[in-house]
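Subject: Structure for you to look at

Hello,

I am passing on the structure we spoke about. Please open it next to this message; my notes are below it.

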Amino acid sequence: MGQRLTRRQAQAPRIFISYRRDDAAGDAGRLYDALIARFGKGSVFMDVDTIQPGADYRDVINQAVESCEVLVTVIGKGWLSLADGAGGRRLDDPGDLVRQEIQTALDRKILLVPALVQGAHMPRADQLPTSLGRLARRNAFEISYARWQYDVERLIASLEQPTEKKRVLRHTPALQLTSFVDRESDVDEVKKLLRSQRLVTLVGPSGVGKTRLAMHIAGEIPRPISTTVVELSALGDPALLSSTVGNALGLRDESRDIDARAIADWIAGSRVLLVLDNCEHLIDAVAGLCEDLLAASPSLTILATSGESLRVRGEAIWRVEPLPTRTAAVRLFNDRARLRRHAAGNEADTAAVLEICERLDGLPLAIELAAARAEVMSPREMVARLTDRFALLGSASRSREARHRTLRSAIDWSHELLSPAERLVFARLSVFAGGFDLEAAEAVCAADGVDRADIAETVWRLVDKSLVTVRQGHEGRTRHALLETLREYGLERLVAIAGDETARQRHAAHFLALAETATARMRGPDVMSWLTRMEEDSDNFRTALTGGGLEPAARLRMASTLTEFWDKRSRYTEARLYLGEALAASNEPSVMRATALRGLALMAWSQSDFDEAEARCRESLEMCRDIGDAKGEVLSLEQLAQISHKTGGDFAQARAFANEALGLARHLDDQGLLARCLFRLGVIDWFEEKQADAAGNLETAAALAEQIGDDDLVAASMLVLGHLAATKGELRVAGARLSRALSRWREQVSPRQVALILDGLALAAADAGEGERATCLAAASRAIRRRIGTPTGSRLQRLLEERLGPPRKSSASRAASARGAHMTLPAAVAYALREDADD
Ligand SMILES: Nc1ncnc2c1ncn2[C@@H]1O[C@H](COP(=O)(O)OP(=O)(O)O)[C@@H](O)[C@H]1O
Ligand SMILES: [Mg+2]
């Protein structure tokens, strides 16, 4: 228990309360008490009474505000209009303390939360001094005396959100396995720039170290800023840019396409550093997105790496120069050569290393490639070779073109020293996007000239030569990749050797097979593990789908297969794009095509694009009838039933579809289909408040689903059955069913489903006299809804509110409510199932 408390306090945000004494001193004081009760005395700052006479109060305020993460500004009735001795508004005086506090918070991008008291309204921008205009756009909290406790709880919950969201948002920079050679001033200067600019682009030629520098800086950004890294080199289609960025931030593209607005809403007030790595090939799309994001989201800062600047207003450009050869470059060479035979041992060697670094223009990538040669030659031998080779290049030239040539020659040199088999493997590996594991390397590289049995060793020899990188993948599996520059080089070689077609075909075939295996496994108990595996290979799936390695029919099969993965990961935009493209590549009616159409319909439905969903589903239905695919016909009808009862609440139409599907399923005597149809009918009954019919159909559906092991359908049926029981007042039954739904779904459960379940379980707990448990569950559900932005006000929730009454004042009840509001999704699931260890 004690331990938990310390951890909580360590995470408390530092809060500064700004207010006007003759406006809202009393309210501010009361709020202060509530905040220190939650976050501890050391986390909340209010008065500048303590300023020493003679100290410059401006400095003191700046320091106090700057050291905070949140500024709560208490606004009462007089806040805007209070006048000074001369009759002018205080707010218009640049020396006004309150004005300065807010100004500092705006300038320093500190989260700003207006708290409206005494029934005051949020000031409009035109009532504020121009420089404070942005304050008017902040989300305000109204705190009324009648609901003081409740309103303050809400405010507190929102202050806790940045810390909580951080866990959701954070996508930490990958762990680097090689040492970082400090680029003294770059790191400091870029960090400084990031404090004052909202977009900083690291610009420089390939191999100069932009990515590495960005990752290093991202790793050093302190709380409360959360850092998300998006690697763009493998993303080919600019249409996927904003959804890829949104997904990386943890946003699901549920009800609409992800655009800058949606991302801004998701980030809300959290301070986020977004790192967009390798933007060059999507430069226009990235520039557009950055411009929109910066306008829409004041708490966001972007660090980009690119060969050229984005040319966006307000962009700060930091040119990444090669490493200074006397110091950093030599250190890099020695670091990388240390484990090899010929590390620089004496002064003559040191001089030679210095010369190598100069010849290589201080380019880190070129230096790494050369250092890898320290295995077979001494630095002095290397100088001799480089001199011959680079004589034509001229030396120490600082132009971009010259550096490009230098890097090219360094790569050429490295490449020439490879054996023929190594060259083949290297070239073939370049078809991978976003890395590969050994199994995939074997599948793609084993062909003429290379034996499957030798591939593992060849890959390791390429690692040794710094042409391939290594890192730890999911569950300890080794994962490799080619740096972007080397991948481009490899692709050129591949095309030159024999065309890249066969390698692309092997790549596509491997990932089609993986998609099929993984999707089948994903339906079993290891769902999370397989989802993560597929996540790692997202870029390879994309490449396989679009790289021309698949026949139209196979492409359709792959897109259809991946639909389940996209669905589970809420990647609807991506799914619609690829399903649409695969469907457009041919028009031969087939079972597969009808399946893909239903997949597309489902993805559209998930984004509330009901017209499109219905059109695609009808197309599928007709095709199934034409080609005699009876099973597909049932599935299309069932899906049409789902679509139509969601669209206009057209229950008659929905019921007609569901009944037709049911008749066919009976005729086919297929238990799985039968269960689905009965479930659909049960849901329609429930919507139409035909409780008895609903219960009958859902119970049969659940029993059938249980028999054939369809866990998802068992859980879905239990959820609805639980709600049916709860509305009838049978709360024990409801609790049991909802727990069953939750334990069936486990990690696959969606936040919306958890919230629905928690409401029911809270009711059951209240009924059983477990008041604190009920309060905690209700608070957890509220927090989840708030996070995903689902509307509240379901039937069950109203029942729950009636039952629990207004928030209690007892400390136990307050603690329970705080605990619930704090829970992450998995924690809430564990608590709901009474599985959390420390209870
Ligand atoms: N400061 C550094 N310390 C250690 N290694 C570095 C440093 N800068 C670059 N490198 C290495 O040089 C290679 C190329 O760097 P990278 O950041 O990928 O270049 P860019 O993004 O500019 O093309 C990578 O292997 C990287 O790890
Ligand atoms: Mg890079």
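Predicted model: local features only at pLDDT ≥ 70, side-chain atom pairs only at ≥ 80, totals over all residues.

Five strands make up an open sheet, in the order 7-8-9-6-10, and their pairing is parallel. The edge positions belong to strand 7 (226-231) and strand 10 (315-319); each has a single partner strand, so one side of each is left without a neighbour in the sheet. Direction ignored, neighbouring strands are turned by 20 degrees against each other on average.

Within this sheet, strand 8 (residues 272-277) runs parallel to strand 9 (residues 300-306), and five bridges join the two.

Helix 33 (residues 751-767) packs with helix 37 (residues 825-832) at an angle of about 30 degrees, and their axes are 11 Å apart. The crossing of helix 33 past helix 37 is left-handed. On the helix 33 side the contact is made by Pro751, Val754, Leu758 and Leu761, and on the helix 37 side by Leu825, Ala828, Val829 and Ala832. What kinds of residue make up this contact of helix 33 with helix 37? Eight are nonpolar, with no polar and no charged residues.

Regards

Key: Residues numbered from 1 in each chain as written. Chains lettered and ligands numbered in written order. Heavy atoms only, no water. Axes fitted to C-alpha atoms, helices over the stretch in contact; angles between N-to-C directions. Helix = DSSP H or I, 4+ residues; strand = E, 2+ residues; numbered from the N terminus. Left-handed = near helix turned anticlockwise from the far one by under 90°. Contact = heavy atoms within 4.5 Å. Nonpolar A, V, L, I, M, F, W, Y, C, P; charged D, E, K, R; others polar. Pairing = 2+ DSSP bridges.
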